[in-house]
Amino acid sequence: ADGLRRRWSGAGRPDVVHAHGWIEGLAACAVARELGVPFVQSYHGLGTVERRAGRPVHPARVRLEAALGRGADAVLAGSEQEADALVRLGVPRPKIGVIPYGVDGEHFSQAGPALPHGDRSRLVTVCRDLADGGVATAIRTLVNVPGAELAVAGGPARRELERDPAAHRLRMLAKRLRVADRVIFMGRMPRRSLPKLLRTARLALCLSPDRPEPLAALEAMACGVPVVTTPVGGNADSVLDHITGLHVPAERPVEIGRAVRRLLAEETTRHAFAIAAADRAHSRYSW
């Protein structure tokens with residue numbers, strides 16, 4: 001806060017302050033109020049959600065997130081689910097605006113080069129954190145989708161996967177379930193290469209139970225790939241059930257596998273989903 005105060009005094013005074021995250025909000029809110037500058041807060045994840053998922057949460061976080069929301073001139077949520085959670089925290093609904101994540105429609109599109117791949121139906125999951133639960137569910141789902149393969153993009157760079165504990169656990173899981181020969185760990189991919197991977201997919205899987213990668217579903221849709229997702233966070237808004245993909249329950253690999261098998265077998269339905277997915281991503285979520 002002292003650093004912001006020095007920077008914003010005099011000629012450096014901003015017209016509006018937008019804080020991303022509750023720690024950043026604590027620093028920015030105090031100085032913005034002191035200087036009489038309008039203050040906007042975004043959270044990108046709430047302590048109440050983290051606590052329900054069993055993750056450690058700073059004891060003051062939930063209380064301070066609520067106070068920041070009530071004190072801000074405006075609060076920006078990334079999804080309707082986050083907006084509802086903020087209302088439950090006590091943030092007035094009229095203060096809250098939902099600003100979804102956007103996709104670069106010129107980079108992520110149906111037309112363009114694709115990576116080489118074999119004859120198997122490819123499922124793709126893209127994540128930042130291999131330990132978020134979604135990848136493990138995708139591997140368990142693969143047991144119930146014979147003949148398909150799973151490409152996993154995320155975690156550390158490919159050359160570092162061998163030393164990554166989360167990647168090791170997932171490899172052991174795949175071996176235990178006897179699907180290791182059908183799981184391809186791509187590692188963290190540069191954004192310029194992701195469309196090439198997505199264009200090889202029949203379906204994209206976004207199966208995190210509580211912390212979805214907000215852009216993964218949108219980027220897959222923009223490339224014309226239907227999305228099978230848990231209806232969590234922004235995915236509940238962007239993926240329309242039975243129109244651009246399917247909503248499935250979290251951590252239910254048998255049920256998810258049944259839905260994936262059915263969609264892979266129904267080529268006409270999958271093609272219709274692909275057209276609708278690309279149209280929705282480019283018309284509703286384009287930059």
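How much space lies in the second largest pocket? About 320 Å³. A pocket here comes from a 1 Å grid over the protein atoms alone: an open set of points with protein on both sides within 12 Å along at least five of seven lines. A volume is the space filled by probe spheres set on the points, with grid points joined across faces, edges and corners.

Before we go on, a word on what you're looking at. This is a predicted model, where local features need pLDDT of at least 70, side-chain atom pairs count only at pLDDT 80 or more, and totals for chains, interfaces and linings use all residues. Residues are numbered from 1 along each chain as its sequence is written, and side-chain values use heavy atoms, with hydrogens and water left out.

## The pockets

Back to that second largest pocket: 20 residues line it, and Ala201, Arg202, Gly224, Arg270 and Ala274 lie nearest its centre. To count as lining, a residue needs an atom within 4 Å of a point. Helix H12 (residues 267-284) gives the most to this lining, with 5 residues. Helices (H or I, at least four residues) and strands (E, at least two) are DSSP runs, numbered from the N terminus.

Now for the largest pocket, which holds about 1,000 Å³ of space. Its lining has 37 residues, and the closest to the centre are His44, Gly45, Tyr101, Arg211 and Pro212. Strand E1 (17-20), H3, strand E3 (74-77) and helix H5 (80-89) are the elements that give two or more residues to this lining. H5 gives the most, with 4 residues.

## Salt bridges

Side chains of opposite charge can pair when their charged atoms come close. A salt bridge is a side-chain nitrogen of Lys or Arg within 4 Å of a carboxyl oxygen of Asp or Glu, and by this rule the count comes to 14. Here are some of them:

| Pair | N to O distance |
|---|---|
| Arg5 and Glu34 | 3.0 Å |
| Glu50 and Arg211 | 2.7 Å |
| Arg55 and Asp210 | 2.8 Å |

Arg5 sits in helix H1 (residues 2-8) and Glu34 in helix H2 (residues 22-35), so this pair links distant parts of the chain, 29 residues apart. Arg5 itself is partly exposed, with a relative accessible area of 25%. Buried means under 20% relative accessible area, exposed over 50%, and partly exposed in between (1.4 Å probe, protein chains only).

Glu50 is buried at 13%, whereas Arg211 is partly exposed at 35%. Arg55 lies in the loop between H3 and helix H4 (61-71) and Asp210 in the loop between E8 and H9, so this pair ties together parts 155 residues apart in sequence. Both ends are partly exposed, with Arg55 at 22% and Asp210 at 21%. Salt bridges that share partners join Glu50, Arg55, Asp210 and Arg211 into one network.

## A nonpolar core is a set of buried Ala, Val, Leu, Ile, Met, Phe, Trp, Tyr and Cys residues joined through side-chain atoms within 4.5 Å. The largest one here has 33 residues, and Leu123, Leu130, Ile139 and Val260 have the most contacts inside it. Elements giving two or more residues to this core include helix H6 (134-142), strand E6 (148-153) and helix H11 (253-265). Apart from it lies another core, of 28 residues, among them Val126, Met189, Cys206 and Val227.

Thr125 is found in strand E5 (residues 121-126) and is buried, with a relative accessible area of 3%. Leaving aside neighbours within four places in sequence, Thr125 is in contact (heavy atoms within 4.5 Å) with Leu150, Ala151, Val152, Ala153 and Leu205.

Finally, the structure holds 1 cavity of 30 Å³ or more. A cavity is a set of grid points where a 1.4 Å probe fits but cannot get out. The largest cavity has a volume of about 90 Å³, and of the 14 residues that line it, Val126, Cys206, Leu207, Ser208 and Glu213 are the closest to its centre. E5, H6 and E8 each supply at least two residues of this lining.
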